[in-house]
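Thanks for coming, everyone. I'll walk through one structure today. Here it is on the screen.

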Amino acid sequence: MSTECITPPSPFATCDGIFYSWMLRVSAWIVSVATLLINFMVLLGRWKTRQLNATNGKPTDNVFIANLVVADFLMGVYLLAIAIADASFGSNYYIVSKSWRTGPKCKIIGVIGVLSSVVSLLDLTIMSIDRFFCLCFPFGTTGFNLKWSKITCSIIWMFGIVVAILPINLTNSVTNFYGHSDVCLGLPIISIPQKVSKVFESRELYFKHTGYTSEAMVTWIYSQVVFTYLSSFCLFIVTACYVSIFISVLKTRRNSHRASRSNDEVKLAKRISIIVGTDMLCWLPVITLGVLSQCGVQIPSKTNPWLVIFVMPINSVLNPFIYSYGILKKRKKNTPSHIQD
């Protein structure tokens, strides 16, 4: 007797496993391990040289970057957990698909993924605001001091924990947020739910998913708020801050009549382009998918695994280099030549 496998129309589930191709599986392992190693090395390096960072770097930057690295490290933990689950289930995933998406392991992994995304996004936004005030109003009293930077980071982590755990506690309305997809992340990647969900099971492990319940609507709304509206707002703030910084610094250097101003302006433009560009590469696709889903556009399911593996971790891999570069450069500049040699 043959067993027919028909999986529900989730963005990821197939009879081949959580990831439907070997390329996605290999990439998930590579990206997750790279994210973990890079952020761990940066965090360890900053811990060992914390006294140098205190003298060569802005104290608030050190606090923000340390929290950013921890949040990005959690993204590596999330990706590694999904890769391990895919390897564990293998081609038998369709048998345990329902229990996996509704089980505690998926919820825990999802909490880690959402916590990492929210904290990293908010930390980048606060860093942008802090740099905006420091560079555009250098003689003002605005900006964060060391005390308030620590308080702000604590508030960000508490907010991130609430956002990540809230769907689990709201069991009567957001029951399927982390079961929204097989990677335990409630991305806004489906159109507005309208139909009624029905699941049919038999001894042959055959099941179909024909629609969405009213609870799915609440899940969809929560997903839109977290991944579309919050990320859109933060991305707008980050872009506005760095554009303002570039314009302000450009005016200041032109008024100072520095001979090397053109080269400095090019370097500044490149650095700001990298910062804003990586943020857009990470969040703009997610925002775009959220907007399209609101318009009722059916997003091809095979594009979504690539989004989770290759797009969302971009900041987690690049942030340690981008935001540690300035302090490392200052440290090298302030180190005596005989020590550098």
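Let me start with a definition: buried means under 20% relative accessible area, exposed means over 50%, and partly exposed is in between, with a 1.4 Å probe and protein chains only. This is a predicted model; local features need pLDDT of at least 70, side-chain atom pairs count only at pLDDT 80 or more, and totals for chains, interfaces and linings use all residues. Residues are numbered from 1 along each chain as its sequence is written, and side-chain values use heavy atoms, with hydrogens and water left out.

First stop, Thr152. Thr152 sits in helix α6; helices here are DSSP runs of H or I, at least four residues, numbered from the N terminus. Thr152 counts as buried, because its relative accessibility is 13%. Beyond its neighbours within four places in sequence, Thr152 contacts Ile126 and Phe144. Contact means heavy atoms within 4.5 Å.

Now a helix pair. How do we describe two packed helices? By the angle between their axes and the distance between the axes. Helix α3 covers residues 59-89, and helix α6 covers residues 146-169. Their axes come within 8 Å and cross at roughly 20°. Axes are lines fitted to C-alpha atoms, for helices over the stretch in contact, and angles run from 0 to 180 degrees between N-to-C directions. So α3 and α6 are roughly parallel, a label for angles under 35 degrees.

Who meets whom? From α3 we have Pro59, Thr60, Val63, Phe64, Asn67, Val70, Ala71 and Leu74; from α6, Leu146, Ser149, Lys150, Cys153 and Trp157.

Next, Ile112, in helix α5. Ile112 has a relative accessible area of 23%, so it is partly exposed. Leaving out residues up to four places away in sequence, Ile112 touches Leu74, Val77 and Tyr78. Ile112 and Ala71 are 41 residues apart in sequence, yet 9.3 Å apart in space, C-alpha to C-alpha.

Last, Trp100 and Cys184. Not counting residues up to four places away in sequence, the contacts of Trp100 include Ile18, Ile82, Phe89, Asp182 and Cys184. Where is Cys184? In the loop between α6 and α7 (214-256). At 0% relative accessibility, Cys184 is therefore buried. Most residues other than glycine have a negative phi. Cys184 is not a glycine, but its phi is positive, about 60°.

That's my tour. Questions, please.

Conventions
Helices (H or I, at least four residues) and strands (E, at least two) are DSSP runs, numbered from the N terminus. Angles under 35 degrees count as roughly parallel, over 145 as roughly antiparallel, 65 to 115 as roughly perpendicular and the rest as oblique.
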